[in-house]
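Subject: A structure to look through

Dear colleague,

Here is the structure that I promised to pass on to you. Please open it beside this message, and then read on for what was found in it.

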Amino acid sequence: MRYIEEFNDPELARRLLDEIRASVTRPWAMMEVCGGQTHSIIRHGIDQLLPDEVELIHGPGCPVCVTPLEMIDKALAIASRPNVVFCSFGDMLRVPGTDRDLFRVRGEGGDVRVVYSPLDALEIARREPDKEVVFFGIGFETTAPANAMTVHEARRQGIGNFSLLVSHVRVPPAIDAIMRAPECRVQAFLAAGHVCSVMGTAEYPELAARHRVPIVVTGFEPLDILEGVRRTVRQLERGEHRVENAYPRAVREAGNPAALRMIEEVFEVTDRSWRGIGTIPDSGWKLSDAFRAYDAEDRFDVGDVRTVESAECRSGEVLQGLIKPNECPAFGTTCTPRTPLGATMVSSEGACAAYYLYRRLEVAPVG
């Protein structure tokens, strides 16, 4: 299979569904960790096509959604300062902070610009040396190499008016935290293929063994996801807990060595707060000492922001897989893409946005 269309073949999808139905004998709950997978599942109705015994739980796989409120408020504080050009990907602009978002800051006169790569922000810094240019570096392992490379290039080229506001998070510690939670119902994981294309699979066997859960690396097209579910159900039914790679066209066990070297040079592992979840040890990256001069938090001294979460928003429970988006009383009423209470409703990978976009609007009964 060489083309994307081949991973949408309805006949092959029916065969995979038939195999899943034939093999499942009891209820199983598995979590897809990636927000891109969540959107594909809801868009194509995969969760509704699967047998009732197979439940897909949406996990904290949206990098915008798990960016902590404190970091959003720091971004707002920096973007509001004179002589600052604040650069970000577009889906961060509507993410609500304590009392406003980046769109509001731009409307109030802040120089907030949407870019498509951190290198775009570095080019702005090169062209406008009289401005302080900040790039909002969020995301999982997938975006870390590009952000690391940009900081590396800033130092190599001697561009001193560029800095990075870092809020990178790592998937394996999140899986560990989910499995340690007392209320956890997850029995297996569909791991994110794009993360593993960078990092490889070396961190997952120990997790699978420790928590006795299958972990199947999966892609994003319908057949990718169904094949991941098929392999996961097979392991669960057999009582196995191994790591399998169901996305070999993109993922190698060793990952991307060049990307890993860049991450290791520029970043170091740190504890990181996840919005709606809390602090997970060793679950993020920060700039290493050699590149600390490019850290926007240090440069702009924004360590004293005070945050207030929405009392109505239950996105934290959505991110932990404890409730589905339409089980939140605010979903589709006081919380919509135009009036979001949380990032899960505005991000292109947010579970609440997926439910709203693809018309899963029925509010589930509470209790």
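Which residues touch the most other members of the largest nonpolar core? They are Phe86, Phe162, Phe189 and Phe267, in a core of 85 residues. Before going further, please keep in mind that this is a predicted model, in which local features need pLDDT of at least 70 and side-chain atom pairs count only at pLDDT 80 or more, while totals for chains, interfaces and linings use all residues. Residues are numbered from 1 along each chain as its sequence is written, and side-chain values use heavy atoms, with hydrogens and water left out.

**The cores**

A nonpolar core is here a set of buried Ala, Val, Leu, Ile, Met, Phe, Trp, Tyr and Cys residues joined through side-chain atoms within 4.5 Å; buried means under 20% relative accessible area, exposed over 50%, and partly exposed in between, with a 1.4 Å probe and protein chains only. If residues up to four places away in sequence are not counted, Phe189 touches several residues, among them Met31, Val33, Ile175 and Val216, a contact being heavy atoms within 4.5 Å.

**The cysteines**

The structure holds one disulfide, that is, a pair of cysteine sulfur atoms within 2.5 Å. This disulfide joins Cys62 to Cys65, with 2.4 Å from S to S, and the link is right-handed, with 70° about the S-S bond. Cys62 counts as buried at 3% relative accessibility, and Cys65 is buried as well, at 2%. Cys313, by contrast, is in no disulfide, and the nearest cysteine sulfur, that of Cys335, is 5.9 Å away; Cys313 counts as partly exposed, at 24%.

**Helix α13**

In helix α13 (residues 257-266), the buried residues are Ala259, Met262, Ile263 and Val266. They lie on the same side of α13 because they cover an arc of only 100° around the axis, the arc being that of the directions from the helix axis to the C-beta atoms. The face turned away from this buried side carries the exposed residues Arg261 and Glu264, whereas the buried residues are covered by elements that include α8 (144-157), α10 (193-199), β10 (267-274) and β11 (278-287).

**Aromatic pairs**

The structure holds six aromatic pairs, which are rings of Phe, Tyr and Trp (its six-membered ring) with centres within 6.5 Å; planes under 30 degrees apart count as stacked, over 60 as edge-to-face and the rest as tilted. One of them, formed by Phe89 and Phe135, is edge-to-face, at 5.4 Å centre to centre and 80° between the planes. Phe89 sits in the loop between β3 (84-88) and α6 (102-107) and Phe135 in strand β5 (residues 132-139), so that the pair links parts of the chain 46 residues apart. Phe89 counts as partly exposed, at 25%, while Phe135 is buried, at 0%.

With best wishes

Definitions and conventions
Helices (H or I, at least four residues) and strands (E, at least two) are DSSP runs, numbered from the N terminus.
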